[in-house]
Structures are given as C-alpha cells and as structure tokens.
Amino acid sequence: AKAEGRSGYRFYTSAMNARVLEKAGLEAALRNALERNEFVLHYQPKIDVASGRWLAVEALLRWDRPGHGLVPPEQFIPALEDTGLIVPVGAWVIEAACRQLGAWQRAGVPLGIAVNVSARQIMRVVREQGGATAPAAGGGGDPLWLAMTTCMRAHQVPPGLLEFELTESTLMLHVDETNAMLLRLKSLGVGLSIDDFGTGYSSLAYLRRLPIDTLKIDGQFIRDLTSNPDDAAIALAILRMAHSLKLKVVAEGVETQAQLDWLSQQGCDQAQGYFIARPMPVDVLEQAWHEHEAR
Ligand code: C2E
Ligand code: CA
Ligand code: CA
Ligand code: CA
C-alpha cells in the first residue's frame, strides 16, 4: 500500500510537472511569437440579413506556431491574458486590421473590420511590454487608444470602418475607465459592440448609458433556436430590447438556413456563422468576396 501510495504521489507530481513545463514552454514561445511574426488574422464575414450583402468581417487571431500548425485562440489567449502579452498582441491585431483596411480602401473593397478587445487592453496601466509605439497627442495613456489612433493615422483608415467587440464582463469590470474610453472612441466614429451578449451579467440601466451601437447575440442562443423555445424567447427578447434602445443586433454562430430564416423574420440586422462563411485567410476571403459581389 505504501509503495502504491508513493508511486501514486510520484505519478501526480510528474503529471503536474509536465503541465507546469508545458505552460512555461507555451509562455516562452508566445513571448517570441510576436517578434517572429507568427500571428495571423483570419476573417469571417458579417452579412446584412435583409440583403445578404457582406458588410464587414471579424478579425480572428491565429497562431502559426512552428511545428504545431495553426493554433486556435482558445489554446493561447488565456496565456496571453495571464502574462499581459495580450496588450502588445492586441496592439498588433489593431495594427494588422488597420493595415488591411487601408489596403482594401485603396483596392475598392468596402468591408469594415471588427476587432476583439480584451479587458487587459483597456486598463489604464500601461505594462512594460506595452506595444504602443508613439504617444498620441491628447489621447490619454491607455494602450488601446494609442495603438488605434497611431494605426488609423498611419494607414489612413476612415474610423467608421473599424469596430471593437467587447464582452459584457470587460465592460462591467472597469466601468469608469471603459465608459470614458468608449466615449472617446465613439467621438472618433469607431463602431462599438457588446460581444457574446446574453452570457454575462450587464445591468440594463448601465447598458443604456454606454455609447454602444450593436449587440452580438451569443452563438449558444442561436444554436438551438429553431428547436428550443427558451432559446428562441431569449433571442427574441434581446432583439426587441436592443431595437427599442436603437441598437443594431448581430447573431453569431448561424449554422443553418432555418436559423437565418428565423432571424430574418424577426428583423435581426446582421448575421455571422458557418452557414454564411467560415473564418478565412485574407487571400481566400478576398476571392470569396469578389465571387459574392459578382453574383
Ligand atoms: P468570439 O469573439 O465569440 O468569436 C467567434 C468564434 O466563433 C470564432 O472562434 C469563430 O470561428 C467561431 N464561429 C464562427 N461561426 C461559427 C459557427 O457558425 N458555429 C460555431 N460553432 N462557431 C463559429 P475562434 O476564431 O476560435 O475564436 C474564439 C474566441 O477567441 C473569440 O470568440 C474571441 O473571444 C477570441 N479571440 C479571437 N481573436 C481574438 C483577438 O484578436 N483578440 C482577443 N482578445 N480575443 C480574440
Ligand atoms: Ca467576437
Ligand atoms: Ca462572439
Ligand atoms: Ca461566442
């Protein structure tokens, strides 16, 4: 029994060590990933439900990790958040999105880009890794603002083409900072949406005061929309509430024609999901957009 106990203990520590080592390896690799230019953006279209036209794309981060292939965000964003590396990586995402918007403007592609923003990116404290390069005149000290104003100027991006997606938990965590920053972004003309709406705990009274244009209904309410009356009721309640507050509504995770039909009947403004198009590398996306426009 004693030997078993000991080997059990040894097994436990070696498994734990493996996990600690794996985590340390991941962090070290992530620290180098930015310098080595290993991050890429894939883009997933958002359509206007009524006309079917492509309005914008959401930029989704991928890590092209040597020896591992394309790593999806859930496998490395938590580590970026823990280490604070999400701030410089988030600045890179904004820079890459603005560069792409500039290129599309010159090429006559009128798509906007929505970028996901983490809570860490809107905190006032600029960490030592802070990726923002130049101080923006009169822009305050936060890294998101610095990254954005610098990039938009450099790539001559009309602010109306850029949109930020923030989750309810981000908005509720740093109420004062967030509100001040959102107001400044709004005054520039940047679009602001609440991501994964319905999964957090935002109070309606607070929501009403935020300078937000759009609610994105979380995919979990869309998935069983046509079979689960509770999910349909939630989606409908969000739609009605958003519209009465003069907010646009986007449904994410649309996977079937039946879901899209339901959303269309209920007056949902925009939709996004595998049924419409998957996230794609930029060259594939451009090709798909040209084909879509030619129809
Ligand atoms: P999200 O913002 O909710 O993004 C939507 C996710 O749902 C994406 O996963 C997308 O590929 C996936 N999706 C789209 N359509 C469908 C569908 O019809 N069915 C299903 N089942 N899934 C669909 P992805 O690309 O793996 O991103 C996961 C999450 O990672 C994102 O969730 C977002 O929270 C985070 N993320 C991605 N890029 C960034 C980034 O640049 N910065 C930050 N801070 N977070 C990011
Ligand atoms: Ca999002
Ligand atoms: Ca989402
Ligand atoms: Ca979601």
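**Pockets, a calcium site and a helix**

In this predicted model, the largest pocket has a volume of about 920 Å³.

Q: Which residues lie nearest the centre of the largest pocket?
A: Glu-58, Leu-60, Pro-73, Asn-116 and Asp-195 do, out of 39 lining residues. Several elements give two or more residues to this lining, among them strand 1 (39-48), helix 3 (86-107) and strand 6 (191-197). Strand 2 gives the most, with five residues.

Q: What makes up the lining of the largest pocket, by class?
A: There are 13 nonpolar, 13 polar and 13 charged residues.

Q: What is known of the second largest pocket's space and lining?
A: About 210 Å³ of space lies there. Of its 18 lining residues, Ala-56, Gly-160, Glu-163, Lys-248 and Gln-270 are the closest to its centre. By class, the lining has eight nonpolar, six polar and four charged residues.

Q: Why does the pair Asp-196 and Asp-218 tie together separate parts of the chain?
A: Asp-196 lies in strand 6, and Asp-218 in the loop between strand 7 (214-217) and helix 8, so the pair joins parts that are 22 residues apart in sequence.

Q: Which ions does Asp-196 bridge?
A: Asp-196 bridges the calcium ion (ligand 4) and the calcium ion (ligand 3). The two ions lie 3.3 Å apart.

Q: Why does Asp-218 count as buried?
A: Buried means under 20%. Asp-218 has 10% relative accessibility, so Asp-218 is buried.

Q: How do you know that the span of helix 4 (residues 143-155) is close to the expected one?
A: The expected span is 1.5 Å times one less than the number of residues. Helix 4 has 13 residues, so 18 Å is expected. From first C-alpha to last, helix 4 reaches 18 Å.

Q: What makes helix 4 largely enclosed?
A: Ten of its 13 residues are buried, so the rest of the structure largely encloses helix 4. Trp-145, Met-148 and His-155 are among the buried ones. The buried residues pack against helix 3, strand 5 and helix 6 (175-188).

Definitions and conventions
Residues numbered from 1 in each chain as written. Chains lettered and ligands numbered in written order. Predicted model: local features only at pLDDT ≥ 70, side-chain atom pairs only at ≥ 80, totals over all residues. Heavy atoms only, no water. 1 Å grid on protein atoms, 1.4 Å probe; cavity = no way out; pocket = protein on both sides within 12 Å on 5 of 7 lines; lining within 4 Å. Points joined across faces, edges and corners; volume = space filled by probe spheres on them. Helix = DSSP H or I, 4+ residues; strand = E, 2+ residues; numbered from the N terminus. Nonpolar A, V, L, I, M, F, W, Y, C, P; charged D, E, K, R; others polar. Donors = N, O, S within 2.8 Å, 3.2 Å for Na, K, Ca; no water. Buried < 20%, exposed > 50% of the residue type's maximum accessible area, 1.4 Å probe, protein only. Contact = heavy atoms within 4.5 Å.
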